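User: I'd like to go through this model and ask what the labels rest on. Can you take me through it?

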Amino acid sequence: MELTCLSKGDGFHYPPCHMLNLCGFRILIDCPLDLSAIKIFSPVPYDVGFEASEYPSSDVSLDAQDPVQKKQKLERQLTPADLVCAEPWYKTVKALHLWEASLIDVVLISNPMGLLGLPFLTQNPGFCAKIYMTEATAKIGQFMMEDLVSMHKEFRCFYGPGDSSYPGWIKDLDSEEVPALLKKVVFGESGDDLGSWMRLYSLDDIESCMKKVQVVKFAEEVCYNGTLIIKALSSGLDIGACNWLINGPNGSLSYLSNSILVSLHARNFDINGLKGTDVMVYSDFSCLQSAEVTENGCISPNTDNNYLSTISSDNKDEDLAASLLNTEDSLEEMEKLAFVCSCAAESADAGGSTLITITRVGIVLQLLELMSDYIESSSLKVPIFVISSVAEELLAYTKTIPEWLCDQRQEELILGEPSFDHLKFNKDKKIHLFPAIHSPNLITSWQEPCIVFAPHCSLRLGPSVQLLQRWRGDPKSLLVLEDGISSGLALLPFRPVAMKVLQCSFLSGIRLQKLPTLLSVLQPKIVLVPDAVSQRIDLSGMKINSILSFSENETLHVPRIADNTSVEITTDLASKLSWRKLRQRENFGIARLKGGLLMEDGKHRLVTGLEQEESSGKARPLRYWGTVAQEPLLGALLKMGIKGSIEHSTSENGLENSIIHIANPSSGLIETSEMCTAIVAEDKNVASQILQGIDEVLDGI
Amino acid sequence: MDHVGALPYFTEVCGYNGPIYMSYPTKALSPLMLEDYRRVMVDRRGEEELFTTTHITNCMKKVIAIDLKQTIQVDEDLQIRAYYAGHVLGAVMVYAKVGDAAIVYTGDYNMTTDRHLGAAKIDRLQLDLLISESTYATTIRGSKYPREREFLQAVHKCVAGGGKALIPSFALGRAQELCMLLDDYWERMNIKVPIYFSSGLTIQANMYYKMLISWTSQNVKEKHNTHNPFDFKNVKDFDRSLIHAPGPCVLFATPGMLCAGFSLEVFKHWAPSPLNLVALPGYSVAGTVGHKLMAGKPTTVDLYNGTKVDVRCKIHQVAFSPHTDAKGIMDLTKFLSPKNVVLVHGEKPSMMILKDKITSELDIPCFVPANGETVSVASTTFVKANASDMFLKSCSNPNLKFSNSTQLRVTDQRTSDGVLVIEKSKKAKIVYQDEVSELLHEKNHVVSLAYCCPVKAKGESDNDVDLIKQLSAKILKTVSGAQIHESEDCLQVGSFKGSLCLKEKCMHRPEISSCSEAVFLCCNWSVADLELGWEIINVMKLNLDNTCKVKGDLL
């Protein structure tokens, strides 16, 4: 088995990407897009005079926490004018372009975010891999891609149809004056990222991509090529997000994507299904972000920024399973959500609107639920708007998937109640869904202050751009951003921002402290962890055969665990085998095999084949072992009417040789030594009779 | 109902405490049906209740909901999986596997797509046993369209004449199917007569249908994005006061078969009018009013409490049922090709006919056990062995053997290079033939044949390279498909090696030779190429004879 980490990704929106070589099959796991990179582009200007960037750059205070940006400060401040004014291109996983698309056998998509880059891959004419993902991932992922395309359309309308072959903006960026930060995003650390920029796919591309997808049900077992049995188990991250269990003839492998052990909305992390695999690939890189937070303690709030950060919890000694499933994390998540709600309510009280740019489906659903509860219980009368081209379909879809909801919501759904509280309000028209900001009915129902959910979190695409431009000067209004997006660059074109900014980070993976406990519950024989993880946590005390660490763009070879592969033989074939008893070995039985070896359900199977029955009856042995005893051989030959005499000799190299001379019925001789026997005879029949004699004194098969 | 009815009794009264699995829709809908059933039993018929409402709630708490195709490891040995069965919302076929043995239990299923549910869908599985329902073991249904049309015409005629149409049906399945049909028809014909749903149960069931859209037919699923097909345009809730309201209407009322409850009450009021219509979908159990109506054309019907009702209304039997017909059972059996079939849930005579059909047409042993009877069938088991890498490697390459005794035969016997070794009280091993001796801690012993063969009379000055070339050309002529490697003084075919022997006296040379002065090729070949070796020797002997003859002629 081989694992190559193509990209370690960046948080929820840019999941890691791996290439796995298993049983000779190339398996690509996830195919994401680095959407944070589009922040180098300037949003479509809606204000007159926006482009003039009348704001002096000295006003722009960048996020001082980012050490990279600190360095940039010495060079030159980034100004809105530095941003690229062109139709955006999208950054894919660079290392994936180094692989021949036609040689990929299987693609596994573990969550909707991992699907966003797939149309780029399937566009390739040679691409012929089987694509597996859960039904919910396919559905939500398709909504997200379609939303992306529809949001991108605004750029296309603004800049007009551009030259598709080579983007002119890259040329302009390759000069000395361009700030290093932008250059780093465009060209990458090592300066070779240029090839990873792609023009966005079209709706047709999405459609043809989705046609190639084979959706799987929750915990359905699918068999690839008779060899690999692939099963998707919920990871708890979001609706439809899953971990993979792959069973093959050489053992089992579990792939852990970013997982949340106890989820507030989606089905919990499936622990039982992943227990005791031979190899576990732990690809949860989420600790890279949370660890930064814990190192710095809490990010100190900026003057106009109000941060909500993760609180590092004490790692107590807890029971294994109990600690994994304790609700501490989810309570914390709940508090964060409640805090967002209260902030929104606060600003609504003060007469300001709230813009929520979070696009994580689960978070949006929970926020919608909390907000509508909050509004219901308080005297506050603010409308909630959800503006997205796919909002209606997406919310409708979440009503129909009981299997992906957490137990409590499942119960509610089964009792005939809405799984999310906001669904009630939706009916009462307290939540308004609109496909776009220019929807005809929007203006009639529009009232401020309001709470708006609008994509996209990069603040470059979608209705959020217009709303942000509308409210940025209003100190009473609130912008809710997701963490992991360097707010400095994101907010750059909207400076100065007078509105409050709330940056939240939500749990998007397993906490590092939980990893040892998780490993001792899952008990894999070999575990592969990212080097970034193994550097941060000491796993040497674990009762695991070996812990290997892998790093980005390096191929890790994993030794096979089982020495011998199992083969199943059908009983009717086993009964047809002709067994040989061995001399002086009562306990042994040996038989030459028959039939055909198949690969079926991930197992080698020996079944009755198409072979015609050998007419000669008992096949003669082809391999012998032991030594020939001369006297019994003579006796056996005599029975067949062959007479011989023994002559001992020693050959030149000192080996004992004995020769049996045969005189009758025709001349011949048998030359035997410890290791070999040669039959010399002119007559074919005599030779085969001698062979029969040897069969009687020598074990063979 | 017939599948879940006794569950609370089983878990709460009998004390079953193992796991219970249900599909999501079944889990959602069965408490409603159970409660309805309990109420009918107790309130209307005055029977003693077998279980209480609390029993139902407690029982449902123990149920684990499963999704289609979700593979569940119940315990170490047992694995179960549900497949879509059509029939009613949430109906599944269950695949169960223990060790190597696997069965499918179908419950009720439907092999044809209907308006709101899809047809049963299952993977091609390797099964030891298929247990199939056989409610309609001998019926073969034609197209459903004429029957649908008849039904629509009957209802239309009734309401056009100002009559009221009563459709007693169970809350799930037929009600939705017929309602979709009527709603469509109403839309098409622009009929404004109201359609009513009687009970809260049906309304609730409709709500579940909306939620569990993924369990409905493809058609419904596709439409659901734009318009929910269960949001009927012409359907309204029924109020008790509307029983005597004037004007035509269509009413779906529970329970089916007119056995009790609201549908019977409405029937009591509507039956005497000749304008009205009672449409009975599906099957009615003997003893119910529904059965009496279908059995003949009664003018009066006894209700359960002794009152008689004059029946002057029209009766229409709607002959579509969500059960599969004989063709469906045969199709499923043929598709799955199990090793054995057991038929259940049907009437004995027709089951016997179907059994004969399965045995004769599909050649599958079929059983029709009576209640309490046990059937034993053989189950699949595999002999498990560990295979060595060398064996697997040798098996990954084709090992084609050609033989043309009468006609060219190509056989691939790569597995025959493998050897199965069994040692008492140890797991069987499969090794490549060369590895056997190692496994037995023995040394290999090579048995080969050798013969120093005279090939040509000595004397001519032509060099040996030509001789080898001549020989190989001749060998190629007689031994088809031989791959010959030749060098200066030797040639090789498979394990057959021959090299020119210059020794005065070779051990492998027979003492008496037909040509005393000859060139010899010392040959050696293994037992594997026994026949090949002799064939080549024959070729060379012929060569010798020819050269001797030539020499003799020359002399």
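User: What do the buried residues of α6(A) pack against?

Analyst: They pack against α2 (118-122), α3 (135-159) and β9 (213-216) of chain A; contact means heavy atoms within 4.5 Å. Helices (H or I, at least four residues) and strands (E, at least two) are DSSP runs, numbered from the N terminus. Bear in mind that this is a predicted model, where local features need pLDDT of at least 70, side-chain atom pairs count only at pLDDT 80 or more, and totals for chains, interfaces and linings use all residues. Residues are numbered from 1 along each chain as its sequence is written, chains are lettered from A and ligands numbered from 1 in the order in which they are written, and side-chain values use heavy atoms, without hydrogens and water.

User: Which residues of α6(A) are called buried, and what puts them on the same side?

Analyst: Ile206(A), Cys209(A) and Met210(A). Buried means under 20% relative accessible area, exposed over 50%, partly exposed in between (1.4 Å probe, protein chains only). They cover an arc of only 95° around the axis, so they sit on the same side of α6(A); the arc is that of the directions from the helix axis to the C-beta atoms. Asp204(A) and Lys211(A) are exposed, on the face turned away from the buried side.

User: What makes β10 and β23 of chain A edge strands?

Analyst: The open sheet runs β10-β11-β12-β13-β14-β22-β23 (chain A), with mixed pairing. Two strands pair if DSSP finds at least two bridges between them. β10 (221-224) and β23 (546-550) of chain A each have a single partner strand, so one side of each lacks a neighbour in the sheet.

User: In what sense do β12(A) and β13(A) pair?

Analyst: Antiparallel, over five bridges.
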